[in-house]
Amino acid sequence: MSASSLSFRFAVICVIAGMVMGIGMAATQDHSIMPAHAHLNLLGWVSLFLFGIYYERRPALDVSRLAMIQVVLWSVGTIVLTIAVAALHLGYSAADPLAAIASLAVLAAMLIFAYFVFRPARAVESGPAARMSPAE
Ligand code: HEM
């Protein structure tokens, strides 16, 4: 499987879970886990979907092992961070170290992504699908 397919799949799972969480908060009128909901939707849905678009436009990168590692590290970090942030806001302060580890995991995944973005242009050249010709 390519990094983009994995990103899109994880992103959709995250937004479904995030929406269920949002509906749960609205239905119970208990918004205490709102920061966890926001993190799951923004790290899980929005960011992962954006990674997927970036990878899909760069076919060589899309099938690279490091891109897969980036997506998996980001996804696992996001899930653990969401659980830890929810636990913290429900009063379980023991979840603090878990939140710290997960936040470092997503930072590491973002640093890998930064490496893809900043490395020499030839290595991350867009694939033919990304090149558009003006309409005649
Ligand atoms: C079924 C869909 C959703 C429902 C029912 C829902 C519900 C909620 C609720 C009840 C809150 C708490 C508001 C408050 O306490 O002030 C909230 C906050 C938030 N939601 Fe959602 N949400 C949904 C989808 C999404 C999605 C898809 C995203 C992002 C792409 C998102 C991002 C946020 C953010 C960033 C906040 C925090 C807002 C703030 O800081 O005031 N939500 N949502």
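**Exercise 1.** Determine how helix 1 and helix 4 are oriented to each other.

*Solution.* The model is predicted, with local features requiring pLDDT of at least 70 and side-chain atom pairs pLDDT 80 or more, while totals for chains, interfaces and linings use all residues. Residues are numbered from 1 along each chain as its sequence is written, and side-chain values use heavy atoms, without hydrogens and water.

Begin with the elements themselves, where helices are DSSP runs of H or I with at least four residues, numbered from the N terminus: helix 1 covers residues 3-28, and helix 4 covers residues 65-89. Next take the geometry, using axes fitted to C-alpha atoms over the stretch in contact and angles that run from 0 to 180 degrees between N-to-C directions; the two helices pack at about 10 degrees, with their axes 9 Å apart. Helix 1 and helix 4 are therefore roughly parallel, a term that applies to angles under 35 degrees.

Then list the contact, meaning heavy atoms within 4.5 Å: Ala-3, Leu-6, Ser-7, Phe-10 and Met-21 of helix 1 meet Ala-67, Met-68, Val-71, Val-72, Ser-75 and Thr-82 of helix 4. By class, this contact holds 8 nonpolar, 3 polar and no charged residues, where Ala, Val, Leu, Ile, Met, Phe, Trp, Tyr, Cys and Pro count as nonpolar, Asp, Glu, Lys and Arg as charged, and the others, Gly among them, as polar.

**Exercise 2.** Describe the packing of helix 2 and helix 5, and name the residues that meet.

**Exercise 3.** Decide whether Ala-86 and Ala-109 are buried or exposed, and identify their contacts.

*Solution.* Buried means under 20% relative accessible area, exposed over 50%, and partly exposed in between, with a 1.4 Å probe and protein chains only. Ala-86, in helix 4, counts as buried because its relative accessibility is 12%; leaving aside residues up to four places away in sequence, Ala-86 touches Ile-33 and Ala-36. Ala-109, in helix 5, counts as buried because its relative accessibility is 0%. With the sequence exclusion of up to four places, Ala-109 touches Gln-70, Leu-73 and Trp-74, and the C-alpha atoms of Ala-109 and Gln-70, 39 residues apart along the chain, are separated by 5.1 Å.

Definitions and conventions
Parallel < 35°, antiparallel > 145°, perpendicular 65-115°, else oblique.
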